[in-house]
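Reader: I am new to this structure and would like to learn how to read it with care. Could you take me through it one feature at a time?

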Amino acid sequence: MGFAFYRLISDKLGVKMKSREVLALFLCLNVFLLGAIAEPPTCPADANNECSHSGDWEGEFFPGINKIVYEGPASKNPLAFKWYNANEEILGKKMKDWMRFSVAFWHTFRGTGGDPFGAATKYWPWEDGTNSVAMAKRRMRANFEFIKKLGVEFWCFHDRDIAPDALTLEETNANLDAVVALAKELQGTKIKPLWGTAQLFMHPRYMHGAATSSEVGVYAYAAAQVKKAMEVTHHLGGENYVFWGGREGYQSLLNTDMGRELDHMARFLQAAAAYKKKIGFNGTLLIEPKPQEPTKHQYDWDAATSANFLRKYGLIDDFKLNIECNHATLSGHSCHHELETARLNGILGNIDANTGDPQVGWDTDQFLTDIGEATMVMLSVVKNGGLAPGGFNFDAKLRRESTDVEDLFIAHISGMDTLARGLRNVAKLIEDGSLTELVRKRYQSFDTEIGAQIEAGKADFEYLEKKAMEWGEPKVPSAKQELAEMLFQSAL
């Protein structure tokens, strides 16, 4: 309606109004009318598809976006790979086999852009504003169209992300079964979950924790939820199963029996390992360390803490670690440090590929775009011989201000290209050999007879004292850190 229309109304009503008053009426009525009719878009942008509230709706979710292909570093196309060439062989493996990229269902299809200070900013065209089973099925169809167009072979999920809670556990499991049946159909033979997990942190019942809750009923409910989530992960052909204990910790030690909670968590994980064997699930069980948030202290603080916990409770052969880069920095470490700690303990199983903002003190879950960090990440992966049956899961979300559907593709393409550049840089470093040689020379004094005795545990203190007196004051050479950094940067 135009400004002239409101002037006409005022004249018909015999109301004398100045232009500014008519304008004010015009603006107010427009706001009212827009508020009355506005709602999140529910239909895809593809005009050839009719909108339906049926879970069987199969319209195109990403019209105008074709399968993402490799175009090389010279390409300016934001919807093309510049560095990730899936079938290109580097260091004896195809890039896709080094990476094993996975799409995180929760950030990609359940992320709203909301934060503690603001409401949702993302209303994807296929959403109808409900959390029904029909809507869950529609999201699942969107998920697999996205995966296929992106050209990856894995996806990850929390049970409650893909299917809604109901009033009872039985009804909730039925909801999950209905959505999983569709996922099984849609993924076919070429796509499978990299891992599945149970969401044991969002529902109010888990406010004290799940495996570490002070309430035995909550402990039992969490066990039932993990049992079901593990079953559906196995049914879908998942290759791993993750435990992220966001509420497994404490806010205050004054009201916490930490020893008892740690024992309970160990018993829970022991039961999970036993059930995995009982159902014939051959996937790897993974623990995802994080120091805090939402708890003040989380029991699996970092890789070293988690490794110690697993050894103490006899679980070191049953579990590996899923290292998240943003969690590493929250614990005061670099991602490279956490990966090396896990690798050297023989428990590096998977990587949640993301990063945080150095100026922000919480888990921002940003897509990794730092080439230097990606190169250090890939150094650990190559030393580990790869990650299979794990891989790289993009536990990363669009920024609150990024609201276009194509941004989902752009973000993943950027993250994949960044890690691909990291792999290419590692190949350069290995081919050049200078950095490897610098490290070898630094420790060459141990490449001697006495060094071999020390490393074999055959040199006692008396023998070493005798050698120290024989040699006199040792000469200590430069560590050449600046040269090491220069050699590293030269590959970038």
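Reader: What does the pLDDT of the chain average, and over which residues is the pLDDT below 50?

Author: This is a predicted model, and where pLDDT is low, the predicted coordinates should not be read in detail. Here the chain averages a pLDDT of 90, with 88% of the residues scoring at least 70. Over residues 1–55, however, the pLDDT is below 50, although this stretch has 59 contacts in the model beyond near neighbours in sequence.

Reader: At what angle do helix α8 and helix α9 pack?

Author: Helix α8 (residues 216–235) and helix α9 (residues 258–278) pack at about 30 degrees, and their axes lie 11 Å apart. Because angles under 35 degrees count as roughly parallel, α8 is roughly parallel to α9. On the side of α8, the contact includes Tyr219, Val226 and Met230, while α9 contributes residues including His264, Phe268 and Tyr275. The residues of this contact divide into 8 nonpolar, 1 polar and 4 charged.

Reader: Is helix α12 largely enclosed or open, and why?

Author: Helix α12 (residues 335–344) is largely enclosed by the rest of the structure, because 7 of its 10 residues are buried. Among these buried residues are Cys335 and Leu339, and also the charged residues Glu338, Glu340 and Arg343. The buried residues of α12 pack against α10, β10, α11, β11 and α13. Just after α12, Gly346 takes a positive phi of about 75 degrees.

Technical notes. Residues are numbered from 1 along each chain as its sequence is written. This is a predicted model: local features need pLDDT of at least 70, side-chain atom pairs count only at pLDDT 80 or more; totals for chains, interfaces and linings use all residues. Side-chain values use heavy atoms; hydrogens and water are left out. Axes are lines fitted to C-alpha atoms, for helices over the stretch in contact, and angles run from 0 to 180 degrees between N-to-C directions. Helices (H or I, at least four residues) and strands (E, at least two) are DSSP runs, numbered from the N terminus. Angles under 35 degrees count as roughly parallel, over 145 as roughly antiparallel, 65 to 115 as roughly perpendicular and the rest as oblique. Contact means heavy atoms within 4.5 Å. pLDDT is the predictor's confidence in each residue, from 0 to 100. Buried means under 20% relative accessible area, exposed over 50%, partly exposed in between (1.4 Å probe, protein chains only).
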